[in-house]
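Subject: Structure handover

Hello,

Here is the structure I said I would pass on. Please open it alongside this email and look up each residue as you read.

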Amino acid sequence: QVQLQESGPGLVKPSQTLSLTCTVSGRSITMNYYYWSWIRQSPGKGPEWMGALAYSGITFVAPTLKSRTSISRDTSKNQVTLQLASVTPDDTAVYYCATAAGWGAPDYWGQGTQVTVSS
């Protein structure tokens, strides 16, 4: 069974960098041809796809977030990390990691982690 677990700080101050980790079990993050995505949902808004890391290590980031978002991996720990710089209260959301075959619909999701940006 594939399991994804997000972890990171629940509270971040404005202008700081948010770092979240998705720890995966049951499927290697280098397994052909799976992609690992970060998706967030802010209060009162729909889900927002932030970016993805492919099995090959190639990353994709939403254009609106590209200037302050990076996605990386630690294959030894089977983890995918999201970093979001210069956060504002608008970045307050529940952040999810998910996996899918290519650009298909995710077949597994993490439970999500709440991040609040506040001074």
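Below are some notes on the backbone and then on the core.

Please keep in mind that this is a predicted model.

Backbone

Most residues other than glycine have a negative phi, and most peptide bonds are trans. A few places in this chain depart from that pattern.

The bond to look at is the one joining Asn32 to Tyr33: this peptide bond is cis, and its omega is near -10°. Tyr33 sits in the loop that links β3 (18-25) with β4 (34-41).

Asn78 is not a glycine, yet its phi is positive, at about 55°. You will find Asn78 in the loop between β7 (69-74) and β8 (79-84). Is Asn78 buried or exposed? Its relative accessibility is 14%, and the cut-off for buried is under 20%, so Asn78 counts as buried.

Ser86 also has a positive phi without being a glycine, in this case about 50°. Its place is the loop between β8 and β9 (93-101). Ser86 has 45% relative accessibility, so it counts as partly exposed.

Core

Which residues touch the most other members of the largest nonpolar core? They are Leu18, Trp38, Val80 and Tyr95, out of 25 residues in that core. The elements giving two or more residues to this core are β3, β4, β5 (47-54), β8, β9 and β11 (113-117). Of these, β3 gives the most, with four residues.

Regards

Terms used: Residues numbered from 1 in each chain as written. Predicted model: local features only at pLDDT ≥ 70, side-chain atom pairs only at ≥ 80, totals over all residues. Heavy atoms only, no water. Buried < 20%, exposed > 50% of the residue type's maximum accessible area, 1.4 Å probe, protein only. Core = buried A, V, L, I, M, F, W, Y, C linked by side-chain atoms within 4.5 Å.
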